[in-house]
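Me: I would like to learn how to read a fold from its computed features, one feature at a time. Could we go through it together?

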Amino acid sequence: MFGLFSSDKTKGAVLQRIERDEETRLRQRYDIWYRTPERQEGARVWVDGREMLMMASNDYLGLGEHPKVIAAAKAAMEKWGTSTTGARLANGSRSYHLDFEAKLATFLGKEACHVSAAGYISCMSTAATFATRGDVIVVDRNVHSSLWAGIQLSNARYERFAHNDATDLANVLEAEPESVPILLVIEGVYSMEGHICPLPELLEVAKARGSFVILDDAHGFGVMGAGRGTAAHFGKSEDVDIICGSLSKALSSTGGFVAGSRATIEYLRTHSKQTIFSAALSPAQTAAASAALDVLQEEPEHIERLWDNTRYCKGLLDSLGIDTWASQTPAMPIVIGKRERAYEVWKKLWDEGFFTVLAISPAVPPGRDLIRTAVSARHRHEDFDRFAEALSKALGTRRK
Ligand SMILES: Cc1ncc(COP(=O)(O)O)c(C=O)c1O
């Protein structure tokens, strides 16, 4: 039925799309992303033999080289091998998953928790699983790609509200019929902007309408509320139905989590395709995250240093009149505006030995192309001094 010629032609259309893709061509030409260090020590990396200061890692607490974290990961590999080679529902579940989930749930003030191999999978699975056809998801327009992916898979209708704007949330909710189930999807700390969500105000509006609340706290977990996250920071853990997030940032591992009531987590385990059909978190990554969670509680100096560094860095950037999008957290954007100018500044920083990441629209709103930096507990004040000087030179600004 499908002749050789016609199938060649249709495959040709796909190959042409791939080979002629303008975005890929531009990405390769400018060679901005996928930069690859061959060595790392703390906040320093080496690229093509040159030492650089890492200013773009989500390594908030710098625990990836902590002796206890490394020892735990090694011991787990010795005991369990390298992989689970299967999904939790099938052959991949291990007692170390259950131990870590119980510990993490308690830490977050929730009854239960489920971990997966990536934060992206966990966060995507929340909207995808808890919402269904006939529901309405009301979502902050700046949420992360993983949540949008989940929203699209859910088959629910969605409505956006203005970023961090409780009044707009109220307006959007008012337009919805009373009988429609509502799910609110927000982040604790917005990864590009570094903004903390006004959780008490949003919850007040959402609760008045009886909404089910999903909070992605990938950048608040380990950072806010003595590490317990944004909901704990505001004393609102009980009012948030689901807290999801990542193990790859403050906990210096990889993987993700979803925490909530026992009923919600059991429902997730029954219905989430991302859980049912994806291999479980590996022994070493679970052990590293679990040990980092212990260290975070036993050694509060890491969080203290993170916030001291954040204040120091922010103070310097403010003194240079740099637009950090009013970031309140270690996620520190440097908003430039036009793409060409943002590229120029990024390149100058790179040439001066600073590893930063260029973020352009649609990852950020149009006209707000930026250089994404992040503060780590590993940085020293002198690092920020050097960075601020290079940035000021690249931008042509002077200290106030
Ligand atoms: C808000 C948010 N959610 C989810 C994720 C995904 O986490 P991971 O990188 O661990 O897959 C990220 C990662 O950048 C994020 O910023």
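Me: In what order do the four strands of the open sheet lie, and what is the pairing?

Reply: Strands of a sheet pair through backbone hydrogen bonds, either parallel or antiparallel. This is a predicted model, in which local features need pLDDT of at least 70 and side-chain atom pairs count only at pLDDT 80 or more, while totals for chains, interfaces and linings use all residues. Residues are numbered from 1 along each chain as its sequence is written. Here the four strands of the open sheet follow the order β1-β2-β3-β12, with mixed pairing; strands (E, at least two residues) and helices (H or I, at least four) are DSSP runs numbered from the N terminus, and two strands pair if DSSP finds at least two bridges between them.

Me: Why is one side of β1 and of β12 left without a neighbour in the sheet?

Reply: Both β1 (39-41) and β12 (354-355) stand at the edges and have a single partner strand each, so one side of each lacks a neighbour in the sheet. For β12, strand β3 (residues 50-54) pairs with it in the parallel sense over two bridges, and Leu 53 has Phe 354 as its bridge partner there.

Me: Which strands pair with β5?

Reply: Strand β6 (residues 157-161) pairs with β5 in the parallel sense over five bridges, and Arg 157 in β6 is the bridge partner of Val 136. Strand β7 (residues 182-187) also runs parallel to β5, joined by four bridges, with Val 185 as the bridge partner of Val 139.

Me: Are the residues of β5 buried or exposed?

Reply: A residue is buried if 20 or more other C-beta atoms, placed from the backbone, lie within 10 Å of its own, exposed if 12 or fewer do, and partly exposed in between. In β5 (residues 136-140), five of the five residues are buried: Val 136, Val 138 and Asp 140 point one way, whereas Ile 137 and Val 139 point the other way.

Me: Into which domains is the protein divided, and how many residues does each give to the contact?

Reply: The protein is divided into domain 1 (29-58 + 300-395) and domain 2 (67-298), with bounds from an automatic or database domain assignment. On the side of domain 1 that touches domain 2, α14 (301-319) and β11 (331-337) each supply at least two residues.
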